[in-house]
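Colleague: I have a model open on my screen and would like to learn how to read it. Could you take me through a few features, giving the general idea before each case?

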Amino acid sequence: MAETELPIGLIDIQPETTDIIIIGGGLAGISAATALTRNGFEVTLISTHDRHPPDFRAEKIAESQMNLFERIGLGDVARAHTTAFDGVWVQRFGRIVERSTTREYSSDYSDLVNTLRRALPPQVHTIIGRVSDIQTGPERQEVILSDGRRFSGRLLVVATGLGDAVRKKLGVEREVLSPAHSLCCGFDLARPRSEFPFPSLVWNGEHFNDRVSYLTLFPIGEKIRANFFLYRSFSEEWTKTFRDHPEQSMRDVMPGLEDMFGDMTVTGPVIARPIELVRVHNYEQDGMVLVGDAFCVVCPITGTGIEKALTDVDRLCNVHVPRWFKTPGMHAGKIREFYADPVKRARDESAMKMSYDSKSIKTDSAFYWKLRRLRSNTLGRARYAVRATVKNLKASHPH
Ligand SMILES: Cc1cc2nc3c(=O)[nH]c(=O)nc-3n(C[C@H](O)[C@H](O)[C@H](O)COP(=O)(O)OP(=O)(O)OC[C@H]3O[C@@H](n4cnc5c(N)ncnc54)[C@H](O)[C@@H]3O)c2cc1C
């Protein structure tokens with residue numbers, strides 16, 4: 001590791017000792033701090049800011065994800081903060097083919113993270129500062145901040161999301177698996193929630209060449225929020241036009257949307273985030289473990305990022321750390337058990353596979369994917385036609 005560059009006089013300061021140091025106060029870091037404290041560990045959480053800055057990230061939470069918040073001890077706080085809505089209407093083949101009633105939740109991402117942060121157990125030692133150096137080893141880990149404060153723990157948890165500075169200090173390499181994989185756009189609609197008939201809506205892309213995955217409309221409080229997922233790059237002309245004229249661009253690729261639900265005027269800016277798929281190398285090291293987006297980044301179109309981060313936290317904090325602390329040392333052999341955890345691996349691998357498959361089914365012109373599209377369209381149409389016939393029969397013969 002790099003030599004520490006500290007003002008003379010600060011080098012001799014004794015480190016504050018703790019069981020576990022977490023770097024990164026986002027969703028994974030805060031959840032890990034909560035779960036570990038509930039399990040009786042002493043935790044120091046290091047963040048660069050006292051509030052998570054405004055950020056366009058996950059805005060919809062499925063019930064299965066809420067159950068993970070529950071396991072970590074944050075269920076009540078997350079439920080109380082988010083907007084709950086019961087169901088989703090799904091548009092495919094030019095009509096509404098499904099009206100489910102499953103409960104989902106929504107929130108602005110930064111608001112949710114800041115709410116979870118306010119609910120941290122009082123025992124968590126929260127530090128605001130910038131990490132300047134890290135020394136890791138099979139016994140103890142030391143983190144040094146740029147103002148000279150030092151922290152020493154048995155385990156270091158890296159939860160720094162997309163940020164690369166801490167991983168670089170640890171020699172963890174980042175590999176971009178799929179650059180410009182997709183594009184996520186977020187914006188608000190002018191009409192309030194009360195003017196739409198659906199609890200939430202998923203409008204699937206209609207044509208192969210449109211490169212649209214889906215648009216989803218859902219409530220946050222009384223407003224209707226849109227997340228529009230596309231397979232386009234941030235810098236192409238289409239994206240610029242969409243950001244300047246979102247209503248007309250939506251009309252072009254989803255002509256039936258306004259016919260079915262009326263005016264789709266957009267208020268406020270259109271935020272567009274380019275997405276790349278990322279994995280890391282050289283992560284099986286003594287004394288430290290990576291969780292959430294710091295370990296791998298999948299495509300938001302799959303809606304699995306939160307579940308992936310919370311699965312990491314659940315397995316790490318509720319299964320592995322309690323076992324690791326029963327015996328001395330924190331060598332790489334222990335750490336490896338977390339990365340080999342079957343539940344974690346299954347979640348990561350399926351999210352990554354979904355990221356590739358959902359792009360290929362919408363954009364790949366190889367024969368295999370043409371066949372998959374044909375099969376999906378034919379079977380989909382047949383299934384929905386049978387469902388509609390059964391529904392009509394039931395309606396005409398109620399007894
Ligand atoms: C546009 C978009 C839409 C998405 N939509 C969905 C969705 O609908 N459903 C879903 O499940 N997932 C979605 N995701 C993915 C989901 O948001 C992420 O997987 C999840 O938020 C990752 O949480 P995290 O804690 O790992 O990272 P973050 O929440 O980003 O936390 C990382 C934290 O580390 C801090 N940090 C960084 N560097 C340092 C440093 N050097 N020192 C100290 N702190 C540092 C950051 O400030 C931040 O607070 C979406 C992502 C994007 C980009």
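Modeller: Gladly, and let us start with a pair of helices: α1 and α9 cross in a right-handed sense. Please keep in mind that this is a predicted model.

Colleague: Which residues of α1 and α9 meet?

Modeller: From α1 come Leu27, Ala28, Ser31, Ala32, Ala35 and Leu36. On the α9 side they meet Ile306, Ala309, Leu310, Asp312, Val313, Leu316, Cys317, Asn318 and Val321. By class, this contact of α1 with α9 has 12 nonpolar, 2 polar and 1 charged residues.

Colleague: And at what angle do α9 and α10 pack?

Modeller: The angle between α9 and α10, the helix of residues 332-339, is about 155 degrees, and their axes are 10 Å apart. Over 145 degrees counts as roughly antiparallel, so α9 and α10 are roughly antiparallel to each other. Their crossing is right-handed. In this contact, α9 uses Arg315, Leu316, His320 and Trp324, while α10 uses Lys334, Glu337 and Phe338. The residues in the contact of α9 with α10 divide into 3 nonpolar, 1 polar and 3 charged.

Colleague: That helps. Now the ligand: how many residues surround it, and which are the closest?

Modeller: For a ligand, ask who is around it, which elements they come from and what class they belong to. The ligand is surrounded by 35 residues, and the closest are Gly26, Gly161, Gly163, Gly292 and Gly305. At least two residues of the shell come from each of α1 (27-38), β3 (43-47), α5 (165-169) and α9 (305-324). Helix α9 gives the most, with 4 residues. In terms of class, the shell has 15 nonpolar, 14 polar and 6 charged residues.

Colleague: Let us turn to single residues. Is Phe218 buried or exposed?

Modeller: The idea is to count the C-beta atoms around a residue; 20 or more within 10 Å make it buried, and 12 or fewer make it exposed. Phe218 has 23 other C-beta atoms within 10 Å, so it is buried. Phe218 sits in strand β16, residues 212-220. Leaving aside residues up to four places away in sequence, Phe218 touches Lys60, Phe85, Ser106, Ser200 and Arg225. Phe218 and Glu104 are 114 residues apart along the chain, yet their C-alpha atoms are separated by 9.6 Å.

Colleague: What about strand β17: where do Phe228 and Lys223 stand?

Modeller: Phe228 is in strand β17, and with 24 C-beta neighbours inside 10 Å it counts as buried. Beyond residues up to four places away in sequence, Phe228 touches Cys185 and Leu215. Lys223 also lies in β17, but Lys223 is partly exposed, with 15 other C-beta atoms within 10 Å.

Colleague: Where is Ser235, and is it buried or exposed?

Modeller: Ser235 is in the loop between β17 (223-230) and α6 (237-244). Ser235 has 9 other C-beta atoms within 10 Å, so it is exposed. From Ser235 to His52 the C-alpha distance is 27 Å, and the two are 183 residues apart in sequence.

Colleague: Last topic: the backbone. Which phi values would you point out?

Modeller: Arg211, which is not a glycine, has a positive phi of about 60 degrees. Arg211 lies in the loop between β15 (201-204) and β16 and is partly exposed, with 19 other C-beta atoms within 10 Å. Asn282 also has a positive phi, near 60 degrees. The loop that holds Asn282 runs between β18 (266-281) and β19 (288-290), and with 10 C-beta neighbours inside 10 Å, Asn282 counts as exposed.

Notes
Residues numbered from 1 in each chain as written. Predicted model: local features only at pLDDT ≥ 70, side-chain atom pairs only at ≥ 80, totals over all residues. Near = placed C-beta within 6 Å. Nonpolar A, V, L, I, M, F, W, Y, C, P; charged D, E, K, R; others polar. Axes fitted to C-alpha atoms, helices over the stretch in contact; angles between N-to-C directions. Parallel < 35°, antiparallel > 145°, perpendicular 65-115°, else oblique. Left-handed = near helix turned anticlockwise from the far one by under 90°. Contact = placed C-beta atoms within 7 Å.
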